[in-house]
Amino acid sequence: MSERRRPHRGSGRRGDHRDAKGPRGVPVDPKGQSHPDDLTEPDDRSAPDEFEPDDLTDLVDVTVGGGSGSEPGDPVDPDEPVEPVDSDQSGASGRKARRGARASRRARGVSGLRLLLLTVGAIVVVIALTAVAYFSPLMSVRNIEVTGNSIVQSPEIVAAAALSKGEPLMQVDTAAAAQRVSMIPRVATVRVKREYPSTITVSVVERRPVVFTERDGKRYLMDKLGFEFAQQDPPPGLAELVTSNPGSGDPSTRAALSVMTGVPAYVADQVARIEVTSPVNIVLQLKDNRTVVWGDDQRNGEKAETLRHVLGQEGTEYNVSSPQNPTFK
């Protein structure tokens, strides 16, 4: 970039006062005094003492472009070297950058639209499949399977569940069906579930008798919770519970059932009768007519182990209510 200046027509000492001029190009000394001797009347035919058009262009480049790293409008450091701006190259780079930004925005838009369409499509497919499963006879009940039962017959369980073939699988109210099956007295727990594409499975756990009770000449089977679930003759070897008020809400009944379910089989199998007058006064009548004073329903395992040892001793009555100090007579 050139800095060509038109020389003063009236002075040959252009460079002497280049940095200190007054109005209309009058040189000024450091004390502020002008030098009339150096004044030269301007020639009307010559151009004003200004930069030529080319120099104006160079001045604009210096003022606007600035040094490296400068921004438009920043002040120009006169000591910093100025590099010329290649307008063609910067313009091409800017156009490429703008085209790249537009392409990136279009790509993001297309990607977002594709994701939206895939999501909507997946939702539509799920809704369609659900509608088919819920309303279509293609996924209807064709098989009803009952498992876990040994005493209660399968037709009785199916009838209680109120299940019918041909009903759409998704329309089967499994909770209501399970509730109906649980009303069968011998059924302790029940689960009803769907198995696609066309099966309903009913899984039951039947109540197991622990003792039986007798009232008014009738015998009732009782499970571990004190629930009398069947009126019938007890199976061979089942112990009889004798108490004043048998039932799940009776403390004496619960204590007796705790003993019968808490002792090992070698003790429970020997019990023919369990008499309970209070929760802390439990007496076992063995099948060989010997009597065992059990006390309360605590420490059943220790008492059972003690009984196993003392039964080898001669006697008719054994007291294991204190397992560390058993007695017999």
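The model is predicted, so local features are reported only at pLDDT of at least 70 and side-chain atom pairs only at pLDDT 80 or more, whereas totals for chains, interfaces and linings use all residues. Residues are numbered from 1 along each chain as its sequence is written, and side-chain values use heavy atoms, without hydrogens or water.

A nonpolar core is a set of buried Ala, Val, Leu, Ile, Met, Phe, Trp, Tyr and Cys residues joined through side-chain atoms within 4.5 Å. Buried denotes under 20% relative accessible area, exposed over 50%, and partly exposed in between (1.4 Å probe, protein chains only). The largest such core has 27 residues, of which M260, I274, I282, W294 and L307 touch the most other members. At least two residues each come from β7 (239-242), α5 (251-262), α6 (265-268), β8 (271-278), β9 (281-286), β10 (291-295) and α7 (300-310). Helix α5 contributes the most, with 5 residues. Helices (H or I, at least four residues) and strands (E, at least two) are DSSP runs numbered from the N terminus. Beyond its neighbours within four places in sequence, I282 is in contact (heavy atoms within 4.5 Å) with residues including A255, V259, I274, V292 and W294. Another core, of 17 residues, lies apart from the largest one and includes V152, V172, V192 and V204.

On the surface, L113, L116, L117, V120 and V124 form a nonpolar patch with about 470 Å² of accessible area together. Patch members have over 30% relative accessible area and no salt bridge; like charges are joined within 9 Å, and nonpolar side chains (Val, Leu, Ile, Met, Phe, Trp, Tyr) within 5 Å. A salt bridge places a side-chain nitrogen of Lys or Arg within 4 Å of a carboxyl oxygen of Asp or Glu. Areas follow the Shrake-Rupley method with a 1.4 Å probe, only the protein chains shown counting as cover for residues. V124 belongs to helix α2 (residues 87-135) and is partly exposed at 49% relative accessibility.

Strands β5 (residues 218-222) and β6 (residues 228-231) run antiparallel, joined by 3 bridges; pairing requires at least two DSSP bridges. Y220 has Q231 of β6 as its bridge partner. Between the strands of this hairpin are 5 residues, and G226 takes a positive phi near 85 degrees.

Most residues other than glycine have a negative phi, and most peptide bonds are trans. The bond from Y196 to P197 is cis, with omega near 15 degrees.
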